[in-house]
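Subject: Model handover and notes

Hi,

Here is the model for your files. My notes follow below it.

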Amino acid sequence: MTRVPQIALLADGRRLHLQDGPIDLIVEARGSEANVRAAYEAAVRRFTGLLDELCEELLLLRQAADPARCPLQGAVARRMYEAVVPFASEHFITPMAAVAGSVAEEILGVMLQSAPLERAYVNNGGDIALHLADGEHFTVGLAERPDAPALMRTMVVHADDPSRGVATSGRHGRSFSLGIADAVTVLARTASQADATATIIANAVDLPGHPAIARCPAHDLQPDSDLGARLVTRGVGELSTGEIEAALESGAACARKLLAAGLIDGAALRLHGEMITVGARAIEMPNAQALLRGGVTESAMHV
Amino acid sequence: MMTDTTTAPVDDKIRCDACPVMCYIKPGAAGACDRYANHNGELVRVDPHIVLERTVSHGGRLVPFQAGGDWDGKIVHEPSVFVTAIGAGTTYPDYKPAPFIVSSEIDGIDMVTVVTEGIFSYCGVKVKIDTDRYLGPETATVRAQGEAVGHVTTGEYGSQMLSLGGVHHLTGGSKKEGRVTCDTLMDLSNCKPVELTIDGGATVVVQAGYPPIVNGVPEERMRVGCGSATIGMFAKQWHGKVDEVVVVDDHITGVLSEHQAGKLLDIPDTGIKMKGRRSTPGRYFQVAEPGTGWGGTKISDPLSVLGPFDPKKSRPGMTMLMVSTTGEHAAYYELDETLKPVEKEIPADLKHSVERIQENCEPALCTVLFMGGAGGSLRAGITDNPVRLTRSVKEALTRVTSGGAPVYVWPGGGITFMVDVTRLPAGAFGYVPTPALVAPIEFTLKLSDYAALGGHMDHVRPLASLKDNAELRQTPSLQSAPGRRA
């Protein structure tokens, strides 16, 4: 059986859909017709065979990142490593934690090399690489839970903001989470950084040992999971308001450290309908834009 | 038997060879892509969008196999395909054109099906629980996880109705009440079990298509009729085999010797004295408090509904059968020298009549009807003049379905419909944190009618364009009557 990546324009004729194995990209570029075409062609060229390239190093990619040296060869694999290595000495983390964002970043990169674009994004299942020319902005919708998407908030990323990556992690997504967050959305300089940090923050939203939280070894669910025997969250039962706040605060403390270290630009953490944001100046709340635009703010609110 | 080496089982896992990731997938799980899964040891594709393929109904028009020449490579013969809204996705609010507006040709008429996943804040479920056990007083609050999610409404034949959800519980109460209500509605609609507690009543586990579990005891059967009706139905079979029969029922307890059916058979008085309030001869109301014991009363000893036998009419050795309306409980007595009933083993021919009562009781089930109203914004996803869609539905030009299942559209304003949740494919319902439920809804009409009501003609796609990323499912013909189980 020959495997062919799926390459198609979506029904709107504007967005490009690329899919191969677990990689599923929605790509959109804005610019002159010729430039958009050139960018899409570049994306398709780079995408073809990209999964095979990653799979050649899959065994290494599934091992904990070595803080001292990078054994990986491929450009995307090395980017994955770079995104997770800041956490490698303190946490168990494999380059796989940044795979989605790194692929998105790679594809956006070749598109921008091929043609000037006004704005563009590569969305890899919610991990998004952004490009904004001067004066442009993107409105990104924030979903509470990836398995039941609904826009609860929008974030506006302007060209003069530093963020060019958005990623969401949580226990409802495709990959397992060690934490209990429904969703943690992160804005960071790059999509690969956003991907890795969203994972780290989502893992930190937790109530260790809480009886209402069901966990099970990752390899019981997915035999070849990079998380091995580590306990991943399968279910979260009733939590009191205090417990929800405590779990969110634990994640927020982690996010504040990453913000101070310049690894993220902002994060929105959600658990059981409660949300806390850290430094996310671009995350706009209804009737609260004035409060949150410009300057680092922190707020917890009930929605 | 797996013969393909690349997918040979390793223990119970299979290895997917669809891409170079080569995932090991356990039974019931999906690979890293969420596109391929292990279904009972077989690698299957699981795709988000679901297209139903209709089978020919009994007595329906038969489609000749390979009609007209060679196979054209199509798996699906177009007229028998129905696109559901499940997985169509939606935006909130729904002011954009619906995610899929699909055209196909049926019987030479260009048909349009507009599929969308509607967001319903005005929605709920009507639950019918087949039981005579007492679940709680009418209008009592029904709770899930301690939160009020609905109320007990009318008692119906052999069953108790609950009305759950609705906009007041979803958005009118506390945030937690809204969230729990939303979860409860979604689980019930997706045919999952939900534990409900009724203020001043029972705890009942409800799951669409399964027997209710009342206070930990699974219900087995609906009653054959009320106590009086049971006397009427079985009087002839009891005649000559026993002197007296009492059918214990929370609603109307029947007494054979006093009942019209017994009188017609010249069954003599037995001197029995019933507790409760006599309605008409042989029919008694309120013989005991309602409960989960015999015949929906709270009693476990049936003799507790009797007073002392009248010595002027009774005699030692008289026999009596007491039975509940489902035949689940039965006991046989003989009066001793002091006219006290003494329990004896039920004679074989009477046991047979008890079994006959059981046999005539239908299996007790919970049934869940989802009820939702399509608001202005959802209708706007379909046409630029929403009220025309409502009129078109009322005039029966537009057919409404939910996940391919037939619906009942309420008369009156708006498009408020009910659908039996067991007729939708699994996992058809979702939610948004508003909170509100996401349910599939499809509108099918002639392309010309669609244009006339201001449809988004520029968004109409041919059916073929969906096939690449759609899953085909067999479904019974949509022609079958609503309410008939698939």
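Chain B averages a pLDDT of 77, and 74% of its residues score at least 70; pLDDT is the predictor's confidence in each residue, from 0 to 100. This is a predicted model: local features need pLDDT of at least 70, side-chain atom pairs count only at pLDDT 80 or more, and totals for chains, interfaces and linings use all residues. Residues are numbered from 1 along each chain as its sequence is written, while chains are lettered from A and ligands numbered from 1 in the order in which they are written.

**Confidence**

Two stretches of chain B need care. Residues 1–10 of chain B have pLDDT below 50, with 13 contacts in the model beyond near neighbours in sequence. A contact means that the C-beta atoms of two residues, placed from the backbone, lie within 7 Å. Residues 87–109 of chain B are also below 50, and that stretch has 74 such contacts.

Chain A has a mean pLDDT of 84, and 85% of its residues reach 70 or more. In chain A, pLDDT is below 50 over residues 145–151, a stretch with 23 contacts beyond near neighbours in sequence. Residues 284–303 of chain A are below 50 too, with 29 contacts of that kind. The model scores ipTM 0.78 and pTM 0.49.

**Sheets in chain B**

A word on terms. Helices (H or I, at least four residues) and strands (E, at least two) are DSSP runs, numbered from the N terminus. Two strands pair if DSSP finds at least two bridges between them.

In chain B, 11 strands make an open, antiparallel sheet, ordered β16-β15-β14-β13-β10-β11-β12-β9-β24-β28-β27. β16 (217–218) and β27 (408–409) of chain B are at the edges with a single partner strand each, so one side of each has no neighbour in the sheet. Helix α2 (residues 175–189) of chain B packs on this sheet. It touches β9 (123–130), β10, β11 (147–156), β12 (159–165), β13, β14 (203–206) and β24 (366–374) of chain B. The direction of α2 makes about 50° with that of β11(B). Axes here are lines fitted to C-alpha atoms, for helices over the stretch in contact, and angles run from 0 to 180 degrees between N-to-C directions.

Inside the sheet, β10 (residues 141–144) and β13 (residues 194–198) of chain B pair antiparallel over 2 bridges. V142(B) has I198(B) of β13(B) as its bridge partner.

Chain B also has an open sheet of 7 strands with mixed pairing, in the order β19-β20-β18-β17-β21-β22-β23. Its edge strands, β19 (277–280) and β23 (341–344) of chain B, each pair on one side only. On average, neighbouring strands of this sheet are turned by 30° against each other, direction ignored. β17 (residues 244–248) and β18 (residues 253–255) of chain B pair antiparallel over 2 bridges. There, V247(B) stands opposite G254(B) in β18(B). Helix α3 (residues 227–238) of chain B packs on the sheet and touches β17, β18 and β20 (283–285) of chain B. Its direction makes about 150° with that of β17(B).

**Helix pairs**

How do the axes of α3(B) and α5 (residues 348–359) of chain B cross, and within what distance do they come? They come within 11 Å and cross at roughly 145°. T230(B), F234(B), Q237(B) and W238(B) in α3(B) meet S353(B), R356(B) and I357(B) in α5(B). That contact divides into 3 nonpolar, 3 polar and 1 charged residue. For the classes, Ala, Val, Leu, Ile, Met, Phe, Trp, Tyr, Cys and Pro count as nonpolar, Asp, Glu, Lys and Arg as charged, and the others, Gly among them, as polar.

In chain A, the axes of α1 (residues 33–47) and α5 (residues 99–114) come within 8 Å and cross at roughly 140°. That makes α1(A) oblique to α5(A). Angles under 35 degrees count as roughly parallel, over 145 as roughly antiparallel, 65 to 115 as roughly perpendicular and the rest as oblique. The contact of α1(A) with α5(A) has 8 nonpolar, 2 polar and 2 charged residues.

The axes of α5(A) and α6 (residues 191–204) of chain A come within 7 Å and cross at roughly 170°. These two helices, α5(A) and α6(A), are therefore roughly antiparallel. Their contact includes A100(A) and G101(A) of α5(A) and A191(A) and S192(A) of α6(A).

Best wishes
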